[in-house]
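Here are some notes to read beside the structure.

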Amino acid sequence: MKFKKMGEVRNGMTIPAVKGDYNYPPANLCEISQEEWAKLFFLWHPKGQENRQICRDAEGKYVGGHTELQMWWQDEYSGIALSRTGDNQLIYHRFGCPHENTKELDQDECRTRGIYHSGRQYHVTECLECGYVHGVDSSG
Ligand SMILES: [Zn+2]
């Protein structure tokens with residue numbers, strides 16, 4: 001699923017495209033197990049926190065009601081969230097893209113596409129899920 005940056009800054013972070021805002025689910029919102037959620041929560045230092053009351057689906061269609069979603073941003077692209085059932089049972093979520101499914105772009109491909117690449121010690125990866133491009137200098 002592709003999503004583009006909105007460029008909006010909140011809590012010092014750029015929020016990725018989530019089609020609208022407060023009443024919309026974040027991109028790629030999905031349910032995960034409590035075990036997976038706990039692992040992520042204690043692995044990360046959340047960079048931001050956000051609350052939404054969701055009453056529209058990802059396409060913007062009104063779905064009624066208000067699902068409260070507490071969100072913790074891991075970085076500017078992804079994070080974890082909690083919602084609850086009517087009798088206060090927690091539902092565990094993650095959202096955005098953790099950029100785990102990536103491929104490396106070589107210098108030729110970067111040149112063709114106009115992506116910065118400084119040479120042999122430099123590694124550029126592209127996320128196959130959302131298109132995020134990240135460059136790292138490994139010459140350290
Ligand atoms: Zn990604």
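1. Strand E3 (residues 30–31) and strand E7 (residues 90–96) are antiparallel and joined by two bridges. Strands pair here if DSSP finds at least two bridges between them. Within this pair, Glu31 faces His93 of E7.

2. The model is predicted: local features need pLDDT of at least 70 and side-chain atom pairs pLDDT 80 or more, while totals for chains, interfaces and linings use all residues. Numbering starts from 1 along each chain as its sequence is written.

3. E7 also pairs with strand E6 (residues 78–84), antiparallel, over seven bridges. Leu82 sits opposite Tyr92 in E7. Five residues separate E6 and E7 in their hairpin, and Asn88 there has a positive phi near 65 degrees.

4. Trp73 has Gly79 in E6 as its bridge partner. The hairpin of E5 and E6 has four residues between the strands.

5. Strand E5 (residues 62–73) runs antiparallel to strand E4 (residues 48–56), with eight bridges between them. Gln49 is partnered by Trp72 in E5. This hairpin has five residues between its strands, and Gly60 in the turn shows a positive phi of about 95 degrees.

6. Overall, the protein has two helices and 10 strands. Helices (H or I, at least four residues) and strands (E, at least two) are DSSP runs, numbered from the N terminus. Their order along the sequence is β-β-β-α-β-β-β-β-β-α-β-β.
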